[in-house]
Amino acid sequence: MVIGSESWTLSVFRDAHAASESAADSVANTLQNKTDAAITFPTGTTPLAMFDILAARAARGEIDFSGVSIFFLDEFVGATDEDPNSFTRWLTEVLFNRVGIKPDQLHALPVTADDLLASAAKFDEAISACGGLDLAVLGLGPNGHVGYNEPGSGVDSRTRVVTLTPESRDQASAYWEGSLPIPDQAMTMGVGTLLESKQIVLLVTGEAKAGILRRTLEEPITTDVPASLLRIAGPRLTIIVDEAAASELSTAHSS
Ligand code: PGA
């Protein structure tokens, strides 16, 4: 789909499973082209179906994660991998352990460092040292965040510490049914960091995201909706959605 001079791709699938298959295909294609690709994955409920598909394909020997480098997208400041609310721990359980990705393939965000600012800059340098991310798979927050780039995040923002909005904290709290405390701050890859990825996949499913997806794709690009900034990536951006998420888009789309 092309809006004005924008040339990103929007693919609409019948349901969340079909959308997740397509996102899994993007991961598989990336690894087929480059066995030592650098990839980031999102946390959240949306990607869980894609993770199940990737785990099944890995079990059948159809996809090989043994050379991949994983850079974490976001994590709560102060969280260790032992903490029950750690995104690093969560992704390790729901994906990495299931597909044979070993701890030495993981680049965790330095959220317990003494100097968070300097450590975050080093994290970005480590991504550059790998030649940049080959693939960033992202989710869309209810307030338009990507990673934890909250509304107001700049197009040039780098990996850094951010203060979470009440909406994002409520969203995270719901992951553990309100049973765990959610820190005020997180470290996230920046929008600028993500925009340097060779390929970006934004996976969005479910009716609850229809309004924010419409704002992301059909309103002018704005820092109020950080996900809209991804459109700057042009042909390197693929938005994969189901019909429910696409239900408020003004144009009819099909795939
Ligand atoms: P969700 O989160 O998949 O739980 O809706 C998406 C996100 O905030 O990236």
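**Entry 1: Ring pairs**

I began with the aromatic rings and found 12 aromatic pairs in the structure. My rule was that rings of Phe, Tyr and Trp (its six-membered ring) pair if their centres lie within 6.5 Å, with planes under 30 degrees apart counted as stacked, over 60 as edge-to-face and the rest as tilted. I looked at Phe 72 with Phe 96: the ring centres are 5.7 Å apart and the planes stand at 80 degrees, so I noted an edge-to-face pair. This pair links distant parts of the chain, 24 residues apart, with Phe 72 in the loop between strand S3 (69–71) and strand S4 (74–76) and Phe 96 in helix H3 (residues 87–99). For these names, helices (H or I, at least four residues) and strands (E, at least two) are DSSP runs, numbered from the N terminus. I found both Phe 72 and Phe 96 buried; buried means under 20% relative accessible area, exposed over 50% and partly exposed in between (1.4 Å probe, protein chains only).

Next came Phe 76 and Phe 87, whose ring centres are 4.8 Å apart with planes at 45 degrees, so this pair is tilted. It too links distant parts of the chain, 11 residues apart, from Phe 76 in strand S4 to Phe 87 in helix H3. I read 0% relative accessibility for Phe 76, which counts as buried, and 1% for Phe 87, also buried.

**Entry 2: A word on the model**

I reminded myself that this is a predicted model, where local features need pLDDT of at least 70 and side-chain atom pairs count only at pLDDT 80 or more, while totals for chains, interfaces and linings use all residues. Residues are numbered from 1 along each chain as its sequence is written, and side-chain values use heavy atoms, with hydrogens and water left out.

**Entry 3: The ligand**

Which residues surround the ligand? I listed Gly 44, Thr 45, Thr 46, Gly 139, Leu 140, Gly 141, His 145, Gln 171, Tyr 175 and Lys 209, each with a heavy atom within 4 Å of it. Then I checked polar contacts, pairs of N or O atoms within 3.5 Å; within protein, one must be able to donate a hydrogen and the other to accept it, and residues adjacent in sequence count only if both atoms are side-chain atoms. A polar side-chain atom of His 145 lies 2.7 Å from a ligand oxygen. For Gln 171, a side-chain N or O atom is 2.9 Å from an oxygen of the ligand, and for Lys 209 a polar side-chain atom is 2.6 Å from a ligand oxygen.

**Entry 4: Two loop residues**

I stopped at Glu 177, which has a positive phi of about 50 degrees although it is not a glycine. Most residues other than glycine have a negative phi. Glu 177 is in the loop between helix H5 (166–175) and strand S8 (185–188), and it is exposed at 76% relative accessible area.

Is Arg 231 buried or exposed? Arg 231 counts as buried, at 5% relative accessibility. I placed it in the loop between helix H7 (210–218) and strand S10 (237–242). A polar atom of its side chain lies 2.8 Å from the backbone oxygen of Thr 216.

Last, I visited Val 161 in strand S7 (residues 160–163). Val 161 is partly exposed, with a relative accessible area of 29%.
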